[in-house]
Amino acid sequence: MFKYHVTAVLIGCFLDACFGDPLFLWHPVCGMGNLISWLEKKLRPVFPKNETGERQAGVWLVVLVLLTTGGLSFALLSVFYSLSPIAGLAVESIMCYQMMAWHSLRKESMKVYRAFLKQDTEDARLAVSMIVGRDTKNLTDIGITKAAVETVAENTSDGVIAPLIFMTLFGGIGVVLYKAVNTMDSMVGYKNDRYLWFGRCAAKLDDLVNFIPARLSALFMLAAGFLCQLFYGKKYNGSNGFRIWKRDRFNHKSPNSAQTESACAGILQIELAGNAWYFGTLYEKPVIGDPVRLVEYEDILRANVLMTVTYILALIPVGILLFIVF
């Protein structure tokens, strides 16, 4: 059975690289989002409106979302694998395909780059607002560019390498559960008045499941930095990436978010992060990297190249594993 899981991973990654997320195909993450919203509305009135009550409601949210998504995935794969290995492989390949975000991350971030090529700042602002959670209306061109580069760097782990690790080790069910945790964190894991206690369980679980993948992603990215320097020249600096990663990898309230951000900032020799506005509130955040040179919109393209090489390096062990199991 394991060989079918690994085969499904590579087929899913291939489909994502070729097609991304087709608009005509329902995406399970949308279903997860609807489930999370529905459960929040149902759970909040049941528990007391205090810290303890909201924490308990948040725990039940996590339990019910994971039971639902994991149970449905298990049932679906069990049915199709019982029909035939090929049927199960086809369904699991589609599951892996829909959980991988390399194509969509590259596509959406490059919209910002192409807007800058046309010297259209407002179009770039609109494009970056679709892929970041911060307020974008007052961002300068440099601020927009930094936001795009940061989301590519951070989501190289959350959207590409971490799903690849979970689907390789635990198959379609594992990556669906990972995406469920990731989606809960993105929806309720905020430290504001509404979600400080309700979203605490989801946020802590997301930190836990990403702890190892974030560090592996950073190591793959550092290796990619040296390769990019070798093939693309001095705009990439692998040694500086390693130096900045060692120094700044914990410059974030999350134990994981700065892992790939610091590697990316060092490799590109730019300064990222710093203070940002979210929902009308200014959050003070430490900077990541050194301003060896000014940020420019070409860094969006460079970040995507770095992400892609990182992804290719991470796929090599999966290919070797498939060769071994067959």
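User: In this predicted model, is the crossing of helix 5 past helix 12 left-handed or right-handed?
Analyst: In the predicted model, the axes of helix 5 (residues 102-117) and helix 12 come within 8 Å. They cross at roughly 165 degrees. Helix 5 passes helix 12 in a crossing that is left-handed.

User: How are helix 5 and helix 12 directed relative to each other, roughly parallel or roughly antiparallel?
Analyst: Angles over 145 degrees count as roughly antiparallel. The axes of helix 5 and helix 12 cross at roughly 165 degrees. Helix 5 and helix 12 are therefore roughly antiparallel.

User: How many charged residues does the contact of helix 5 with helix 12 have?
Analyst: Helix 5 contributes Trp102, Leu105, Arg106, Ser109, Met110, Val112, Tyr113 and Phe116. From helix 12 come Glu298, Ile300, Leu301, Asn304, Met307, Thr308 and Tyr311. By class, this contact has 10 nonpolar and three polar residues, and the number of charged residues is two.

User: At what angle do helix 1 and helix 12 cross?
Analyst: Helix 1 covers residues 2-19, and its axis comes within 10 Å of that of helix 12. Helix 1 passes helix 12 in a left-handed crossing. The angle between the axes is roughly 145 degrees.

User: How many nonpolar residues are in the contact of helix 1 with helix 12?
Analyst: On the helix 1 side are Phe2, Lys3, Val6, Thr7, Val9, Leu10 and Cys13. They meet Tyr311, Leu315, Val318, Gly319, Leu321, Leu322 and Val325 in helix 12. Two residues of this contact are polar and one is charged, while the nonpolar residues number 11.

User: Is helix 11 oblique or roughly parallel to helix 12?
Analyst: Helix 11 (residues 257-268) and helix 12 (residues 298-325) have axes 11 Å apart. The packing angle is about 120 degrees. That makes the orientation of helix 11 to helix 12 oblique.

User: Which residues of helix 12 make the contact with helix 11?
Analyst: Helix 11 passes helix 12 in a right-handed crossing. On the helix 11 side, the contact is made by Cys264, Ile267 and Leu268. The residues of this contact divide into five nonpolar, no polar and two charged. On the helix 12 side, the contact is made by Asp299, Arg302, Ala303 and Leu306.

User: Which helices each supply at least two residues of the lining of the second largest pocket?
Analyst: The second largest pocket has a volume of about 380 Å³. Its lining has 16 residues, of which Trp26, Pro28, Leu72, Ser73 and Val176 lie nearest the centre. By class, the lining has 11 nonpolar, five polar and no charged residues. The helices that each supply at least two residues are helix 2 (28-43), helix 3 (51-83) and helix 4 (85-99).

User: How much space lies in the largest cavity?
Analyst: The structure holds one cavity of 30 Å³ or more. The largest cavity is lined by Gly20, Asp21, Pro22, Leu25, His27, Tyr97 and Gln98. The space in the largest cavity is about 30 Å³.

User: How many charged residues are in the lining of the largest cavity?
Analyst: The lining includes Asp21 and Tyr97. Its residues divide into three nonpolar and three polar, and the number of charged residues is one.

Technical notes: Residues numbered from 1 in each chain as written. Predicted model: local features only at pLDDT ≥ 70, side-chain atom pairs only at ≥ 80, totals over all residues. Heavy atoms only, no water. Axes fitted to C-alpha atoms, helices over the stretch in contact; angles between N-to-C directions. Helix = DSSP H or I, 4+ residues; strand = E, 2+ residues; numbered from the N terminus. Parallel < 35°, antiparallel > 145°, perpendicular 65-115°, else oblique. Left-handed = near helix turned anticlockwise from the far one by under 90°. Contact = heavy atoms within 4.5 Å. Nonpolar A, V, L, I, M, F, W, Y, C, P; charged D, E, K, R; others polar. 1 Å grid on protein atoms, 1.4 Å probe; cavity = no way out; pocket = protein on both sides within 12 Å on 5 of 7 lines; lining within 4 Å. Points joined across faces, edges and corners; volume = space filled by probe spheres on them.
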